[in-house]
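Please keep the sequence and the structure in view while reading.

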Amino acid sequence: INRPSTIAIGYLIMRLFLLMIPFVIGIIRAGICIVEMCQKWSTGLIKEPDMKVLVDIRFNRSAPYELDAIDWDIDTNEVAEIWAQAQALLGLDVDAKEQHRFDQIKNWNLNSQARSGGNFKDLSFSLIDKVASEEIAAKMRAWRQKPEASSRNCTIAFVRDPLARFISAYVEFEWRFVQARKRYKEDVLDTPKYTFHNYKLGSKERAAAFVRDLVAFNVIDWLHELPPNLSWFDEHVHEDRLFHRNAIAHVCPLVGRLRGKKIDFVGQLEHMSRDWKLMADHCEIKHLDNLENGLTSHVTSNDPQGTKKAMQLALIEDCKLKTAVCFLLKS
């Protein structure tokens with residue numbers, strides 16, 4: 001082999017080596033994340049995020065589709081401990097155990113926009129945001145108009161994987177937050193405590209900053225008392241951008257909507273077609289239309305701002321960030 005050929009081969013090998021470095025680093029980082037997450041799962045600190053299960057919800061084993069009423073009481077000290085772990089994980093000042101945070105942490109768990117999905121004859125729908133709630137309520141209203149419609153006395157709810165719902169809730173929050181920034185003048189508002197809005201919309205940096213703002217209480221600092229109804233926000237929340245059309249309330253845990261209620265049927269969004277039919281049988285619902293065409297798309301379903309992809313990327317690339325979110329959803 002002549003000298004020029006040897007140099008060319010060496011150059012190609014060096015290029016390949018340099019191209020492989022990011023790939024190798026990615027594998028190492030992924031391995032570290034897997035180890036860290038497995039340690040958390042093995043100690044029972046968090047639920048595996050992609051499991052299709054509810055967080056902190058105990059089903060009635062004798063009736064697999066029913067949900068025993070969840071007590072309104074929350075062990076605030078236990079929840080504060082979990083929240084403090086999330087703060088420490090992200091290198092934030094740990095203040096979750098301080099007294100003034102207890103009400104915020106408790107109401108974080110109880111708040112879910114405090115509204116019902118409606119009563120349809122003997123059928124009651126417990127609405128949970130970002131679980132196809134508007135579409136379900138619309139189909140129920142259409143069913144109620146039928147003269148022959150009937151059911152037994154039944155309370156229903158639909159849930160979804162908590163982490164997937166959190167990502168969807170973030171997408172909805174950003175959509176409404178951007179609407180608010182166009183509507184309200186910046187100079188009439190106090191300087192916010194949060195930082196996520198300083199980053200480019202649809203970037204993973206902004207998504208990560210939102211999680212940090214959440215864990216640090218920067219976006220829920222207003223939550224000192226449980227809202228009795230939607231009008232409460234107009235009277236007590238002065239940060240219009242955060243609560244324009246109840247934006248920030250979407251990221252509160254889904255379990256808050258179910259506390260204090262006995263649910264006769266709990267379905268999963270991931271198995272909507274199957275559970276829609278099971279619900280009709282379980283609650284003896286007559287003349288309910290099937291979901292042959294599925295559910296309609298929401299304005300944010302197609303991720304018009306790129307915020308869903310951004311949050312997914314942020315959680316994939318930063319294992320600690322994802323674990324912190326799981327802590328909050330478990331709390």
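Is Cys326 buried or exposed, judged by its relative accessibility? The model examined here is a predicted one. In it, Cys326 has a relative accessibility of 6% and therefore counts as buried, the limit being under 20%. Cys326 takes part in no disulfide, and the nearest cysteine sulfur, which belongs to Cys319, lies 9.1 Å away.

**Overall make-up**

The chain comprises 331 residues, and buried residues account for 47% of them. It contains 12 helices and 4 strands. Of the contacts between residues at least 6 apart in sequence, 76% join residues that are at least 24 apart.

**The disulfide and the cysteines**

The whole structure contains 1 disulfide. Its partners are Cys154 and Cys283, with an S to S distance of 2.1 Å. The two cysteines are 129 residues apart and belong to distant parts of the chain: Cys154 is in strand β3 (residues 154-159), while Cys283 is in the loop between α10 (272-282) and α11 (307-317). The link of Cys154 and Cys283 is left-handed, with -50° about the S-S bond.

The table lists relative accessible areas for these cysteines and for two further residues discussed below.

| Residue | Relative accessible area | Class |
|---|---|---|
| Cys154 | 0% | buried |
| Cys283 | 0% | buried |
| Cys319 | 6% | buried |
| Cys326 | 6% | buried |
| Ser126 | 2% | buried |
| Ala157 | 0% | buried |

**Strands β3 and β4**

Strand β3, which holds Cys154, pairs with β4 in the parallel sense over 4 bridges. Within this pairing, Ile156 has Phe265 of β4 as its bridge partner. Strand β4 (residues 265-268) is covered on both faces: Phe265 and Gly267 are buried on one side, and Val266 and Gln268 are buried on the other.

Ala157 is also located in strand β3. With residues up to four places away in sequence left out, Ala157 touches Ser126, Leu258, Ile263, Phe265, Val266 and Gly267. Although Ala157 and Leu67 are 90 residues apart along the chain, their C-alpha atoms are separated by 9.6 Å.

Ser126 is found in the loop between β2 (123-125) and α4 (133-144). Its relative accessible area is 2%, and Ser126 is therefore classed as buried. Apart from residues up to four places away in sequence, Ser126 is in contact with Ile156, Ala157, Arg257, Leu258, Lys261 and Ile263.

**Packing of α5 against α12**

Two packed helices are described by the angle between their axes and by the distance between those axes. How do these values stand for α5 and α12, and at what angle do their axes cross? The axes of α5 (residues 162-183) and α12 (residues 319-330) come within 10 Å and cross at roughly 105°. Because of this angle, α5 counts as roughly perpendicular to α12. On the α5 side the contact is made by Pro162, Leu163 and Phe166, and on the α12 side by Lys322, Val325 and Leu329. By class, the contact of α5 with α12 consists of 5 nonpolar residues, no polar residues and 1 charged residue.

How values were computed
Residues numbered from 1 in each chain as written. Predicted model: local features only at pLDDT ≥ 70, side-chain atom pairs only at ≥ 80, totals over all residues. Heavy atoms only, no water. Disulfide = S-S within 2.5 Å. Buried < 20%, exposed > 50% of the residue type's maximum accessible area, 1.4 Å probe, protein only. Axes fitted to C-alpha atoms, helices over the stretch in contact; angles between N-to-C directions. Parallel < 35°, antiparallel > 145°, perpendicular 65-115°, else oblique. Contact = heavy atoms within 4.5 Å. Nonpolar A, V, L, I, M, F, W, Y, C, P; charged D, E, K, R; others polar. Pairing = 2+ DSSP bridges.
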